[in-house]
Amino acid sequence: MSDRPLTPLRYDFSGTIIPETGLSPEDLTWIGPRLEAARAEVLADLNLFHQGGPVPQLKQPLDAGFTDLPDRLLDEYAQKGDSSELGQILATAERLRKLANRVVILGIGGSYMGARALFEACCHPYHNELPDDKRNGCPRIYFEGNNLDNAAMVGLIELLSLVGGDDWGIVVISKSGGTMETAVALRLLVDALRQACQGDAQKIRQRIVPITGQHGRLRDLANALGTPDVFNIPDGVGGRFSVLTPVGLLPAAVMGLDIIRLLEGARAMNDRFRESPPGDNPVLDYVGVCHLMEAWRGANVRVLSTWGKGLEAVGLWYDQLLSESLGKDGRGALPLTVVNTRDLHSRGQQHQQGPRDKLITNVRGQRYHPGVLTIDRWDMNQDKLNELAGTAIPEILEAATQGTNKAYHDDRRPTADIDLGELDEGALGQFFQMMMLATVVEGRLIGINPYGQPGVEAYKKNMNDILRGK
């Protein structure tokens, strides 16, 4: 276990307390008992899930297995060590790191978005461009199987063939194996791997690690290939809730990230969710603010305003989580991720003076840098920056953050803040678990089953019918 203390994630909703356009303290007091009732239902769902008894029709599917999964994984690791699931994940990641200089992660939606969020938030901003000795023994990472872009796939295969050799591998993630985008990408890359390995079946199987369900097409293919390591996506955990299963943990371990600390962060958020009252509970407070702003103020657009490029994929992960979970029955808020200060020059005007249909939640974290850049004094001063000589880039970003929030507040635009502290695996574990729990709590609060995605399944069926001539 990590010996570094976790900095608790902080959710500050004081910027939403605005007369006429925001909320009042009385509003949040009023909704407190309703939030506690929704929490009780979520915890009861977990008990029902573990008991394995009949699930009422209105709660089907009941994919509540993600809720206490971090606790169960860590407890098993403490008891069994290398023979636990986490121990096996760490061992496979180490094997793949030694074998492969490049690893392609195949998956779509929840099967890859968590891994990409971790990669962009926690790894070097130019990880793939670094020479081998600067990547701490970790391979270059590529994401595919998440689209049907011929040019992108051709480009990836061309890159892998140009660098030559067989020192690359594949992590393929699909619960059923029937998702077209991922299945097509896998077939094409296995063909490329066969050529790189000159048809050596032993080399090929060692370079492919499937993560899939107990049954399905990918499981059958893994058995046919004879891959030495196959990891299970647990039953009762949907794709968009799977970041803390092998779906996210194995890629993160391949990247050299501390997956134990990631799970410790999630477990810490679980403890706060179970024990803390509204007003001191990030999960319940976030749900209460978002729900009241949508129901009473018409703020049905939720802007996740990230400050720094490393958090963009984290926001996109949340976009999918909220959209697929609550976008049903003609309802559901629209999530929108922006990266500031970049997007202040494209969306800032509308957010400050457009329709009052938005709740802005700032997400900030202190990303580690080996050095901090500052403005130097020049002999020339046409850009008028000498007055700021000695100012560090993070200071400029903080001034932009404060200035933007002040502008919104002056125009009575509600804002809230999620402060992650040091942007590391522990902080991301807290954030992932907070948002997954919050999404489920809100679903129970408003009477929408947060599990399942019938709309996505319809597009898959139609695409297959068209391709197969039906």
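P61 lies in the loop between α1 (25-51) and α2 (69-80), where helices (H or I, at least four residues) and strands (E, at least two) are DSSP runs numbered from the N terminus. The peptide bond joining Q60 and P61 is cis, with omega about -5 degrees. A cis bond also leads from N340 to T341, with omega near 15 degrees; T341 sits in the loop between β8 and α13 (348-353).

The model is predicted: local features need pLDDT of at least 70, side-chain atom pairs count only at pLDDT 80 or more, and totals for chains, interfaces and linings use all residues. Residues are numbered from 1 along each chain as its sequence is written, and side-chain values use heavy atoms, without hydrogens and water.

Two residues other than glycine have positive phi, as tabulated. Accessibility is classed as buried (under 20% relative accessible area), exposed (over 50%) or partly exposed in between, with a 1.4 Å probe and protein chains only.

Helix α12 (residues 312-326) has 15 residues and spans 21 Å from first to last C-alpha, close to the 21 Å expected (1.5 Å times one less than its number of residues). Of its 15 residues, 12 are buried, including W317, Y318, D319 and E324. The buried residues of α12 pack (heavy atoms within 4.5 Å) against α4 (113-122), α11 (282-297), β7 (301-307), β8 (334-340), α15 (425-446) and α16 (454-467).
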